[in-house]
Structure formats: C-alpha cells, structure tokens
Amino acid sequence: MARPKASDLTERELEVMHVFWEASDAPLTAADAQQRLATAGRELAYTTVATLVRILVEKEFLLQTNEQRPFAYKPARSFEDVSRSIVGNLVDRVFQGSREQLLLRLVETKRLSAKERALLEEVLKEKR
C-alpha cells in the first residue's frame with residue numbers, strides 16, 4: 001500500500017517557504033529561492049531547491065504564477081495561516097490539546113524578556 005502524502009512541512013520545505021514569504025508576494029523562481037538561501041548561508045543544490053518547490057506546489061503551499069519557463073511561484077498560504085496550523089498541531093500532538101501546558105513550557109524554559117512580557121500583556125489585554 002502506498003504511503004499517503006504528508007501535508008506537514010519538513011524542515012527544508014519550511015526553510016524554502018520562508019524565502020517565498022519574505023519575498024512579499026513577488027513571484028520567485030527556484031533559482032531565485034536557491035540564491036536567497038545561499039545569501040542567507042544555506043547552500044543547497046539547485047536540483048534540491050527545485051524538488052522542494054515542486055513538492056510545495058503538490059502540497060498546495062506554493063502556486064505557479066506563469067506558464068513559461070522559468071516558472072515562478074508565490075505562497076498559496078500565508079505565514080500566519082501555516083504557523084497557526086503548525087502550532088495547533090503541536091498543541092494537539094505533544095500537549096494533548098492543552099494550550100496551558102504549552103505556555104508553561106515556553107515560560108519555564110527561558111525567562112521572558114521585558115519586550116516579550118510587554119507583548120504578552122498587550123495580547124492578554126486585547127483578549128479580555
């Protein structure tokens with residue numbers, strides 16, 4: 001029996017998605033993405049990046065924006081949407097749905113900076 005396609009992003013796929021999100025909806029080619037990764041210190045072969053882009057299209061995280069080569073792509077899903085989904089999956093899988101346990105782990109692992117504390121207080125005020 002064939003293994004079902006994974007809908008989650010691998011670490012490398014997430015790296016590539018960050019490149020596309022940072023491009024601010026300006027379509028990029030696989031070569032553009034490879035160059036931006038290299039500039040950021042992440043050397044990957046063009047074929048690797050092109051394969052990751054193809055997989056991201058298949059998983060519906062990227063959209064092809066043109067019909068001629070070189071193909072260009074833009075995010076099909078926003079960073080906010082994807083990160084919300086990843087965090088939700090983390091809460092469900094690791095913390096059995098307990099956001100409280102996630103918050104406790106985040107706070108007990110490292111002391112909050114003044115900036116983080118202020119941001120958290122602001123978010124909590126808005127939610128009331």
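1. P70 sits in the loop between β1 (62-64) and β2 (73-75). Helices (H or I, at least four residues) and strands (E, at least two) are DSSP runs, numbered from the N terminus. The peptide bond from R69 to P70 is cis, with omega near -5°. Most peptide bonds are trans.

2. A note on the basis. This is a predicted model, in which local features need pLDDT of at least 70, side-chain atom pairs count only at pLDDT 80 or more, and totals for chains, interfaces and linings use all residues. Residues are numbered from 1 along each chain as its sequence is written, and side-chain values use heavy atoms, with hydrogens and water left out.

3. E60 deserves a look. Its phi is near 65°, a positive value in a residue other than glycine. E60 lies in the loop between α3 (46-58) and β1. E60 is exposed, with a relative accessible area of 60%. The classes are: buried, under 20% relative accessible area; exposed, over 50%; partly exposed, in between (1.4 Å probe, protein chains only).

4. Q96 also has a positive phi, about 50°, and is not a glycine. Most residues other than glycine have a negative phi. Q96 belongs to the loop between α4 (79-94) and α5 (99-109). Its relative accessible area is 75%, so Q96 is exposed.

5. Check the surface at L103, L106 and V107. These residues form a nonpolar patch with about 280 Å² of accessible area together. Patches take residues with over 30% relative accessible area and no salt bridge; like charges are joined within 9 Å, nonpolar side chains (Val, Leu, Ile, Met, Phe, Trp, Tyr) within 5 Å. A salt bridge is a side-chain nitrogen of Lys or Arg within 4 Å of a carboxyl oxygen of Asp or Glu. Areas come from the Shrake-Rupley method with a 1.4 Å probe; for residues, only the protein chains shown count as cover. V107 is in helix α5. V107 is partly exposed, at 43% relative accessible area.

6. Now the overall fold. The order along the sequence is α-α-α-β-β-α-α-α. The radius of gyration is 18 Å, well over the 14 Å that the globule rule gives for 128 residues, so the protein is more spread out than a compact globule. That radius is taken over C-alpha atoms; the rule is 2.2 Å times the number of residues to the power 0.38. The C-alpha trace spans about 50 × 40 × 30 Å along its principal axes.

7. Burial and surface. Buried residues make up 23% of the 128. The protein exposes about 9,900 Å², with 52% of it supplied by carbon and sulfur atoms.
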